[in-house]
Amino acid sequence: MQEEKTYSPGLEGIIAARTAISFLDTEQEEIVIRGYNLLDLIQRAGYVEVVGLLLDQQIPDKQRQQEIEAEMVGSPVPDAIYAILRLLPSEMHAMDQLRTAVSALGGFDKEAGSTDPSSEKERAPRIIGQIAQMVANLTHVAQGREPQPFSPAYSFAENFLRVIVRREVSPPEVRAFEQSLIAYSEHELPNSTFAARVVASTLGDLYGALTAAVASLKGPLHGGANEAVMYMLLEAQNVEGMDKLIRQKLSRKERIMGFGHRVYMRRMDPRAQLLKEVLHQLIQAQGKGQEYLAMCQRGEDIMRSEKGLYPNLDYYAAPVYYLLGIPIELYTPIFFAARSAGLLAHIIEQHSENRLYRPRVLYTGPRGLQL
Ligand code: CMC
(Lines give C-alpha, C1' and ligand atoms only; values in the text may rest on other atoms or scores of the structure.)
Protein backbone atom coordinates (compact mmCIF):
# COMPACT_ATOMS: atom_id res chain seq x y z
CA MET A 1 0.00 0.00 0.00
CA GLN A 2 1.48 3.34 -1.03
CA GLU A 3 1.58 6.06 1.60
CA GLU A 4 0.33 9.36 0.20
CA LYS A 5 1.99 11.21 3.07
CA THR A 6 5.45 10.41 1.68
CA TYR A 7 4.61 12.24 -1.55
CA SER A 8 5.62 15.92 -1.66
CA PRO A 9 4.74 17.61 -4.99
CA GLY A 10 7.83 19.33 -6.38
CA LEU A 11 9.81 17.63 -3.57
CA GLU A 12 8.90 20.60 -1.38
CA GLY A 13 10.54 20.33 2.04
CA ILE A 14 12.31 17.06 1.15
CA ILE A 15 15.98 16.79 2.08
CA ALA A 16 17.52 15.23 -1.01
CA ALA A 17 21.24 15.72 -0.43
CA ARG A 18 23.73 15.86 2.40
CA THR A 19 26.12 18.69 1.68
CA ALA A 20 28.88 20.79 3.23
CA ILE A 21 28.64 23.38 0.44
CA SER A 22 25.72 25.65 1.30
CA PHE A 23 22.49 26.00 3.26
CA LEU A 24 19.57 28.45 3.21
CA ASP A 25 18.91 29.07 6.88
CA THR A 26 15.54 30.80 6.72
CA GLU A 27 15.26 31.03 10.52
CA GLN A 28 18.52 32.94 10.94
CA GLU A 29 17.96 34.58 7.51
CA GLU A 30 21.42 33.54 6.39
CA ILE A 31 22.71 31.94 3.20
CA VAL A 32 25.63 29.86 4.43
CA ILE A 33 28.38 29.13 1.90
CA ARG A 34 31.02 26.81 3.35
CA GLY A 35 30.57 28.52 6.72
CA TYR A 36 30.51 32.11 5.42
CA ASN A 37 27.49 34.34 4.97
CA LEU A 38 26.87 34.86 1.24
CA LEU A 39 26.02 38.53 1.86
CA ASP A 40 29.46 39.08 3.43
CA LEU A 41 31.05 37.39 0.44
CA ILE A 42 29.10 39.65 -1.97
CA GLN A 43 30.17 42.74 -0.04
CA ARG A 44 33.76 41.87 0.77
CA ALA A 45 35.11 39.06 -1.40
CA GLY A 46 36.02 38.66 -5.06
CA TYR A 47 34.43 36.11 -7.38
CA VAL A 48 37.70 34.17 -7.76
CA GLU A 49 37.99 33.95 -3.97
CA VAL A 50 34.48 32.47 -3.85
CA VAL A 51 35.38 29.98 -6.60
CA GLY A 52 38.36 28.92 -4.46
CA LEU A 53 36.15 28.67 -1.38
CA LEU A 54 33.62 26.49 -3.19
CA LEU A 55 36.26 24.17 -4.66
CA ASP A 56 38.88 24.05 -1.87
CA GLN A 57 36.47 24.31 1.09
CA GLN A 58 38.43 27.29 2.43
CA ILE A 59 39.19 30.85 1.39
CA PRO A 60 42.23 30.54 -0.90
CA ASP A 61 45.41 32.46 -0.06
CA LYS A 62 46.71 35.01 -2.57
CA GLN A 63 48.91 32.49 -4.38
CA ARG A 64 46.09 29.98 -4.82
CA GLN A 65 43.77 32.78 -5.97
CA GLN A 66 46.30 33.75 -8.63
CA GLU A 67 46.60 30.13 -9.73
CA ILE A 68 42.82 29.78 -10.03
CA GLU A 69 42.38 33.11 -11.83
CA ALA A 70 45.23 32.31 -14.25
CA GLU A 71 43.39 29.10 -15.23
CA MET A 72 40.03 30.88 -15.53
CA VAL A 73 41.42 33.68 -17.67
CA GLY A 74 44.10 31.81 -19.60
CA SER A 75 42.29 28.68 -20.81
CA PRO A 76 41.04 29.36 -24.33
CA VAL A 77 37.85 27.92 -25.77
CA PRO A 78 38.68 25.55 -28.67
CA ASP A 79 37.97 27.16 -32.06
CA ALA A 80 35.82 24.14 -32.91
CA ILE A 81 33.29 25.21 -30.24
CA TYR A 82 32.83 28.55 -31.98
CA ALA A 83 32.62 26.73 -35.33
CA ILE A 84 29.77 24.63 -33.88
CA LEU A 85 28.04 27.75 -32.53
CA ARG A 86 28.26 29.38 -35.97
CA LEU A 87 26.36 26.44 -37.46
CA LEU A 88 23.39 26.98 -35.12
CA PRO A 89 20.48 29.20 -36.18
CA SER A 90 21.27 32.72 -34.92
CA GLU A 91 17.74 33.07 -33.52
CA MET A 92 18.19 29.98 -31.32
CA HIS A 93 17.82 30.93 -27.64
CA ALA A 94 21.19 31.76 -26.08
CA MET A 95 20.64 29.14 -23.36
CA ASP A 96 20.07 26.48 -26.03
CA GLN A 97 23.26 27.58 -27.79
CA LEU A 98 25.07 27.41 -24.45
CA ARG A 99 23.65 23.95 -23.71
CA THR A 100 25.11 22.75 -27.02
CA ALA A 101 28.45 24.46 -26.36
CA VAL A 102 28.82 23.05 -22.82
CA SER A 103 28.04 19.57 -24.10
CA ALA A 104 30.53 19.93 -27.00
CA LEU A 105 33.26 21.25 -24.69
CA GLY A 106 33.50 17.77 -23.15
CA GLY A 107 34.77 16.50 -26.50
CA PHE A 108 37.91 18.62 -26.10
CA ASP A 109 38.77 17.50 -22.56
CA LYS A 110 40.99 14.40 -22.53
CA GLU A 111 39.77 13.58 -19.03
CA ALA A 112 36.11 14.30 -19.82
CA GLY A 113 34.95 10.82 -18.77
CA SER A 114 36.75 10.86 -15.42
CA THR A 115 34.52 11.13 -12.37
CA ASP A 116 37.49 11.11 -10.01
CA PRO A 117 36.87 14.07 -7.67
CA SER A 118 40.53 15.16 -7.62
CA SER A 119 40.66 15.28 -11.43
CA GLU A 120 37.36 17.20 -11.46
CA LYS A 121 38.61 19.69 -8.91
CA GLU A 122 41.81 20.29 -10.84
CA ARG A 123 39.91 20.91 -14.09
CA ALA A 124 37.16 23.03 -12.52
CA PRO A 125 38.79 26.53 -12.76
CA ARG A 126 39.59 25.95 -16.43
CA ILE A 127 36.02 24.84 -17.17
CA ILE A 128 34.52 27.83 -15.29
CA GLY A 129 36.75 30.15 -17.34
CA GLN A 130 35.85 28.46 -20.62
CA ILE A 131 32.12 28.63 -19.84
CA ALA A 132 32.41 32.36 -19.07
CA GLN A 133 34.27 32.94 -22.35
CA MET A 134 31.65 31.02 -24.32
CA VAL A 135 28.89 33.04 -22.64
CA ALA A 136 30.66 36.36 -23.21
CA ASN A 137 31.01 35.56 -26.91
CA LEU A 138 27.59 33.97 -27.60
CA THR A 139 25.89 37.08 -28.99
CA HIS A 140 28.98 38.21 -30.89
CA VAL A 141 29.30 34.85 -32.64
CA ALA A 142 25.54 34.67 -33.35
CA GLN A 143 25.81 38.10 -35.01
CA GLY A 144 28.80 37.11 -37.15
CA ARG A 145 31.56 38.75 -35.12
CA GLU A 146 34.83 37.04 -34.19
CA PRO A 147 35.03 35.70 -30.62
CA GLN A 148 37.50 37.38 -28.26
CA PRO A 149 39.49 35.38 -25.71
CA PHE A 150 40.04 36.69 -22.16
CA SER A 151 43.29 38.58 -21.59
CA PRO A 152 45.77 38.13 -18.74
CA ALA A 153 45.88 41.95 -18.51
CA TYR A 154 42.52 42.04 -16.69
CA SER A 155 40.84 40.29 -13.78
CA PHE A 156 38.34 37.52 -14.49
CA ALA A 157 35.33 39.74 -13.77
CA GLU A 158 36.66 42.62 -15.87
CA ASN A 159 37.46 40.28 -18.76
CA PHE A 160 33.99 38.77 -18.62
CA LEU A 161 32.27 42.17 -18.76
CA ARG A 162 34.67 43.71 -21.32
CA VAL A 163 34.24 40.84 -23.78
CA ILE A 164 30.45 41.06 -23.50
CA VAL A 165 30.16 44.82 -23.95
CA ARG A 166 33.37 45.42 -25.96
CA ARG A 167 34.18 48.82 -24.47
CA GLU A 168 36.22 50.25 -21.62
CA VAL A 169 34.49 49.49 -18.32
CA SER A 170 34.80 51.52 -15.11
CA PRO A 171 35.77 50.01 -11.72
CA PRO A 172 32.24 50.53 -10.25
CA GLU A 173 30.77 48.72 -13.27
CA VAL A 174 33.19 45.81 -12.86
CA ARG A 175 32.44 45.62 -9.14
CA ALA A 176 28.66 45.63 -9.70
CA PHE A 177 29.05 42.84 -12.25
CA GLU A 178 31.38 40.87 -9.95
CA GLN A 179 28.93 41.21 -7.06
CA SER A 180 26.18 39.76 -9.25
CA LEU A 181 28.47 36.83 -10.09
CA ILE A 182 29.06 36.13 -6.39
CA ALA A 183 25.33 36.45 -5.68
CA TYR A 184 24.65 33.84 -8.37
CA SER A 185 27.62 31.57 -7.53
CA GLU A 186 25.88 29.06 -5.25
CA HIS A 187 22.46 28.61 -3.63
CA GLU A 188 22.00 25.15 -2.09
CA LEU A 189 19.74 22.80 -4.08
CA PRO A 190 17.73 24.63 -6.75
CA ASN A 191 16.37 22.67 -9.70
CA SER A 192 19.54 23.01 -11.81
CA THR A 193 21.86 21.87 -9.02
CA PHE A 194 19.54 18.96 -8.29
CA ALA A 195 19.52 18.08 -12.01
CA ALA A 196 23.34 18.13 -12.06
CA ARG A 197 23.55 15.94 -8.94
CA VAL A 198 21.01 13.48 -10.35
CA VAL A 199 23.09 13.05 -13.52
CA ALA A 200 26.34 12.88 -11.52
CA SER A 201 24.81 10.18 -9.31
CA THR A 202 24.73 7.75 -12.26
CA LEU A 203 28.51 8.30 -12.43
CA GLY A 204 27.79 10.39 -15.48
CA ASP A 205 30.59 12.89 -16.10
CA LEU A 206 30.64 16.57 -15.25
CA TYR A 207 29.90 17.76 -18.80
CA GLY A 208 26.70 15.70 -18.82
CA ALA A 209 25.76 17.05 -15.40
CA LEU A 210 26.48 20.65 -16.42
CA THR A 211 24.53 20.24 -19.66
CA ALA A 212 21.49 19.05 -17.71
CA ALA A 213 21.89 22.07 -15.44
CA VAL A 214 21.87 24.50 -18.39
CA ALA A 215 18.62 22.97 -19.62
CA SER A 216 17.09 23.28 -16.16
CA LEU A 217 18.26 26.83 -15.63
CA LYS A 218 16.73 28.06 -18.89
CA GLY A 219 13.17 27.69 -17.61
CA PRO A 220 11.35 30.92 -16.65
CA LEU A 221 10.45 29.50 -13.23
CA HIS A 222 14.20 29.29 -12.57
CA GLY A 223 17.08 31.23 -14.18
CA GLY A 224 15.02 32.38 -17.16
CA ALA A 225 13.24 34.79 -14.83
CA ASN A 226 15.99 37.43 -15.03
CA GLU A 227 15.54 38.06 -18.75
CA ALA A 228 11.73 37.93 -18.35
CA VAL A 229 11.98 40.67 -15.69
CA MET A 230 13.84 42.92 -18.11
CA TYR A 231 11.28 42.43 -20.86
CA MET A 232 8.60 43.36 -18.32
CA LEU A 233 10.45 46.55 -17.28
CA LEU A 234 10.91 47.55 -20.92
CA GLU A 235 7.25 46.91 -21.68
CA ALA A 236 6.22 48.97 -18.64
CA GLN A 237 8.45 51.93 -19.67
CA ASN A 238 7.85 53.97 -16.49
CA VAL A 239 6.46 53.77 -12.94
CA GLU A 240 2.82 54.25 -13.98
CA GLY A 241 3.27 51.66 -16.73
CA MET A 242 4.74 49.22 -14.21
CA ASP A 243 1.80 49.76 -11.88
CA LYS A 244 -0.68 49.12 -14.68
CA LEU A 245 1.17 46.15 -16.16
CA ILE A 246 1.57 44.27 -12.88
CA ARG A 247 -2.06 44.84 -11.91
CA GLN A 248 -3.18 43.65 -15.37
CA LYS A 249 -1.04 40.54 -15.11
CA LEU A 250 -2.35 39.79 -11.62
CA SER A 251 -5.94 40.20 -12.77
CA ARG A 252 -5.21 37.68 -15.54
CA LYS A 253 -3.72 35.36 -12.86
CA GLU A 254 -0.31 35.51 -14.53
CA ARG A 255 2.88 35.00 -12.58
CA ILE A 256 5.07 38.05 -12.14
CA MET A 257 8.62 37.11 -12.95
CA GLY A 258 11.22 37.94 -10.31
CA PHE A 259 8.85 37.34 -7.38
CA GLY A 260 8.43 34.36 -5.10
CA HIS A 261 10.80 31.58 -4.23
CA ARG A 262 10.23 28.02 -3.07
CA VAL A 263 12.35 28.54 0.04
CA TYR A 264 11.75 32.24 0.77
CA MET A 265 8.13 32.34 -0.44
CA ARG A 266 6.80 34.88 2.09
CA ARG A 267 9.98 36.85 2.73
CA MET A 268 12.60 38.76 0.77
CA ASP A 269 15.42 36.79 -0.84
CA PRO A 270 18.44 38.27 1.02
CA ARG A 271 20.36 38.36 -2.27
CA ALA A 272 17.64 40.56 -3.81
CA GLN A 273 18.01 43.15 -1.06
CA LEU A 274 21.74 43.28 -1.68
CA LEU A 275 21.40 43.48 -5.47
CA LYS A 276 18.96 46.34 -4.96
CA GLU A 277 21.79 48.18 -3.18
CA VAL A 278 24.19 47.26 -5.98
CA LEU A 279 21.69 48.71 -8.47
CA HIS A 280 21.47 51.89 -6.43
CA GLN A 281 25.28 52.24 -6.35
CA LEU A 282 25.57 51.57 -10.07
CA ILE A 283 22.95 54.26 -10.82
CA GLN A 284 24.96 56.72 -8.73
CA ALA A 285 28.24 55.78 -10.44
CA GLN A 286 26.76 55.99 -13.94
CA GLY A 287 24.54 58.99 -13.25
CA LYS A 288 21.61 57.35 -15.06
CA GLY A 289 18.97 54.64 -14.67
CA GLN A 290 17.05 56.00 -11.67
CA GLU A 291 13.77 55.14 -13.45
CA TYR A 292 14.55 51.39 -13.28
CA LEU A 293 14.98 51.50 -9.52
CA ALA A 294 11.72 53.46 -9.22
CA MET A 295 9.86 50.97 -11.45
CA CYS A 296 11.24 48.02 -9.48
CA GLN A 297 10.25 49.67 -6.21
CA ARG A 298 6.68 50.18 -7.43
CA GLY A 299 6.49 46.56 -8.54
CA GLU A 300 7.85 45.43 -5.18
CA ASP A 301 5.27 47.52 -3.29
CA ILE A 302 2.34 46.22 -5.34
CA MET A 303 3.40 42.59 -5.03
CA ARG A 304 3.86 42.88 -1.29
CA SER A 305 0.45 44.45 -0.71
CA GLU A 306 -1.53 42.46 -3.32
CA LYS A 307 0.09 39.02 -3.02
CA GLY A 308 2.36 39.05 0.03
CA LEU A 309 5.22 38.14 -2.32
CA TYR A 310 8.77 39.49 -2.34
CA PRO A 311 11.42 39.87 -5.03
CA ASN A 312 14.06 37.27 -5.67
CA LEU A 313 17.61 37.85 -6.94
CA ASP A 314 16.58 37.83 -10.61
CA TYR A 315 14.36 40.90 -10.09
CA TYR A 316 17.25 43.21 -9.26
CA ALA A 317 19.94 41.47 -11.33
CA ALA A 318 18.02 42.33 -14.53
CA PRO A 319 18.25 46.16 -14.30
CA VAL A 320 21.89 45.91 -13.13
CA TYR A 321 22.74 43.99 -16.31
CA TYR A 322 20.67 46.36 -18.44
CA LEU A 323 22.51 49.42 -17.13
CA LEU A 324 25.81 47.68 -17.82
CA GLY A 325 24.74 47.38 -21.45
CA ILE A 326 24.55 43.59 -21.46
CA PRO A 327 22.28 42.05 -24.15
CA ILE A 328 19.17 40.63 -22.50
CA GLU A 329 19.60 37.17 -24.01
CA LEU A 330 22.82 36.81 -22.00
CA TYR A 331 21.30 37.35 -18.55
CA THR A 332 20.49 33.68 -17.95
CA PRO A 333 23.75 32.42 -19.53
CA ILE A 334 25.65 34.76 -17.15
CA PHE A 335 23.68 33.26 -14.25
CA PHE A 336 24.84 29.84 -15.45
CA ALA A 337 28.47 30.93 -15.86
CA ALA A 338 28.51 32.30 -12.31
CA ARG A 339 26.71 29.22 -10.94
CA SER A 340 29.11 26.83 -12.72
CA ALA A 341 31.39 27.20 -9.66
CA GLY A 342 28.67 25.99 -7.28
CA LEU A 343 27.54 23.31 -9.73
CA LEU A 344 31.05 21.90 -10.03
CA ALA A 345 31.40 21.84 -6.23
CA HIS A 346 28.15 19.84 -6.05
CA ILE A 347 29.17 17.44 -8.82
CA ILE A 348 32.51 16.82 -7.08
CA GLU A 349 30.74 16.29 -3.75
CA GLN A 350 28.26 13.90 -5.37
CA HIS A 351 31.09 11.89 -6.90
CA SER A 352 32.94 11.88 -3.55
CA GLU A 353 30.09 10.24 -1.61
CA ASN A 354 27.84 8.91 -4.31
CA ARG A 355 24.55 7.11 -4.06
CA LEU A 356 22.36 6.78 -7.17
CA TYR A 357 19.21 8.94 -7.13
CA ARG A 358 16.25 6.69 -7.79
CA PRO A 359 12.99 7.82 -6.14
CA ARG A 360 9.58 6.14 -6.42
CA VAL A 361 6.14 7.30 -7.64
CA LEU A 362 2.62 7.59 -6.34
CA TYR A 363 0.90 5.61 -9.12
CA THR A 364 -2.48 7.04 -10.21
CA GLY A 365 -3.03 5.02 -13.40
CA PRO A 366 -5.28 2.01 -13.98
CA ARG A 367 -4.47 -1.62 -13.06
CA GLY A 368 -5.47 -5.00 -14.34
CA LEU A 369 -6.35 -4.04 -17.93
CA GLN A 370 -6.64 -7.04 -20.29
CA LEU A 371 -5.20 -7.17 -23.82
N1 CMC B 1 3.54 35.81 -9.27
C2 CMC B 1 2.27 35.59 -8.91
N3 CMC B 1 1.91 34.60 -8.06
C4 CMC B 1 2.87 33.80 -7.58
C5 CMC B 1 4.21 33.99 -7.92
C6 CMC B 1 4.53 35.05 -8.80
N7 CMC B 1 5.80 35.28 -9.17
N8 CMC B 1 4.97 33.07 -7.29
C9 CMC B 1 4.13 32.32 -6.58
N10 CMC B 1 2.86 32.76 -6.76
C11 CMC B 1 1.67 32.23 -6.14
C12 CMC B 1 1.15 31.05 -6.93
O13 CMC B 1 0.26 31.43 -7.93
C14 CMC B 1 0.50 30.25 -5.85
O15 CMC B 1 -0.75 30.82 -5.54
P16 CMC B 1 -2.01 29.92 -5.19
O17 CMC B 1 -1.61 29.18 -3.97
O18 CMC B 1 -3.08 30.92 -5.01
O19 CMC B 1 -2.18 29.02 -6.38
C20 CMC B 1 1.40 30.46 -4.65
O21 CMC B 1 2.03 31.71 -4.87
C22 CMC B 1 2.45 29.37 -4.47
O23 CMC B 1 3.13 29.21 -5.73
P24 CMC B 1 3.79 27.84 -6.21
O25 CMC B 1 4.04 27.93 -7.67
O26 CMC B 1 3.03 26.67 -5.72
O27 CMC B 1 5.14 27.88 -5.39
P28 CMC B 1 6.51 27.27 -5.83
O29 CMC B 1 7.32 27.13 -4.61
O30 CMC B 1 6.32 26.06 -6.63
O31 CMC B 1 7.08 28.42 -6.78
C32 CMC B 1 8.45 29.85 -7.98
C33 CMC B 1 8.28 29.06 -6.69
C34 CMC B 1 9.82 30.51 -7.97
C35 CMC B 1 8.38 28.88 -9.15
C36 CMC B 1 7.34 30.89 -8.11
O37 CMC B 1 7.41 31.81 -7.05
C38 CMC B 1 7.37 31.64 -9.45
O39 CMC B 1 6.82 31.15 -10.43
N40 CMC B 1 8.04 32.83 -9.50
C41 CMC B 1 8.22 33.55 -10.74
C42 CMC B 1 9.43 33.03 -11.48
C43 CMC B 1 10.72 33.46 -10.84
O44 CMC B 1 10.91 34.62 -10.48
N45 CMC B 1 11.67 32.51 -10.73
C46 CMC B 1 13.00 32.77 -10.15
C47 CMC B 1 13.14 32.05 -8.86
S48 CMC B 1 14.50 32.61 -7.84
C49 CMC B 1 15.96 32.42 -8.71
C50 CMC B 1 16.09 31.11 -9.39
O51 CMC B 1 15.90 30.04 -8.81
O52 CMC B 1 16.39 31.14 -10.57
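## Ligand contacts

A polar contact is a pair of N or O atoms within 3.5 Å. In this predicted model, a polar side-chain atom of Asn312 lies 2.9 Å from an oxygen atom of the ligand. The side chain of Arg255 has an N or O atom 2.7 Å from a ligand oxygen. For Asp314, the distance between a side-chain N or O atom and an oxygen of the ligand is 3.4 Å. Taken alone, the ligand exposes 920 Å², and the protein buries 71% of that area.

The shell around the ligand holds 20 residues, and those that come nearest are Arg255, Ile256, Gly258, Phe259 and Arg262. Sorted by class, the shell has ten nonpolar, six polar and four charged residues.

## Aromatic pairs

A pair of aromatic rings is described by the distance of the centres and the angle of the planes. A search of the whole structure finds twelve aromatic pairs. Phe150 counts as buried because its relative accessibility is 6%, under the limit of 20%. Phe156 is buried as well, at 2% relative accessibility. Tyr315 and Tyr316 also form an edge-to-face pair, with centres 5.0 Å apart and planes at 85°. Tyr315 has a relative accessibility of 0%, so Tyr315 counts as buried. Tyr316 is likewise buried, with a relative accessible area of 0%.

Ring pairs also link a cluster made up of Tyr47, Phe150, Phe156, Phe160, Phe177, Tyr321 and Tyr331. A contact of another kind involves Tyr154: the charged end of Arg162 sits over the ring of Tyr154, 3.8 Å from the ring centre.

Asp109 lies in the loop between α5 and α6, where α6 covers residues 117-142. The relative accessibility of Asp109 is 8%, and therefore Asp109 counts as buried. The side chain of Asp109 is joined to that of Tyr207 by a polar contact of 2.7 Å.

Glu173 is part of helix α8, which runs over residues 171-184. Glu173 counts as buried because its relative accessibility is 8%. The side chains of Glu173 and Arg167 make a polar contact of 3.1 Å.

## Buried residues in helices

Helix α5, residues 94-105, contains Val102. With 1% relative accessibility, Val102 counts as buried. Val102 and Ser90 are twelve residues apart in sequence, and their C-alpha atoms are 17 Å apart in space.

Ile182 is found in helix α8, the helix that also holds Glu173. The relative accessibility of Ile182 is 0%, so Ile182 counts as buried. Between Ile182 and Ala317 there are 12 Å in space, C-alpha to C-alpha, for a separation of 135 residues in sequence.

## Positive phi in two loops

Most residues other than glycine have a negative phi. Glu29 has a positive phi of about 50° although it is not a glycine. Glu29 is placed in the loop between β1, residues 22-25, and β2, residues 30-33. Its relative accessible area is 53%, which is over the limit of 50%, so Glu29 counts as exposed.

Gln57 is not a glycine either, and its phi is positive, at about 70°. The loop that contains Gln57 lies between α2, residues 47-56, and α3, residues 62-74. Gln57 is exposed, with a relative accessible area of 56%.

Definitions and conventions:
Residues numbered from 1 in each chain as written. Predicted model: local features only at pLDDT ≥ 70, side-chain atom pairs only at ≥ 80, totals over all residues. Heavy atoms only, no water. Phe/Tyr/Trp six-rings, centres within 6.5 Å; stacked < 30°, edge-to-face > 60°. Buried < 20%, exposed > 50% of the residue type's maximum accessible area, 1.4 Å probe, protein only. Lys NZ or Arg CZ within 6 Å of the ring centre and 35° of its normal. Near = heavy atom within 4 Å. Polar contact = N/O pair within 3.5 Å; in protein donor to acceptor, adjacent residues only side chain to side chain. Areas by Shrake-Rupley, 256 points an atom, 1.4 Å probe, with all protein chains shown as cover. Nonpolar A, V, L, I, M, F, W, Y, C, P; charged D, E, K, R; others polar. Helix = DSSP H or I, 4+ residues; strand = E, 2+ residues; numbered from the N terminus.
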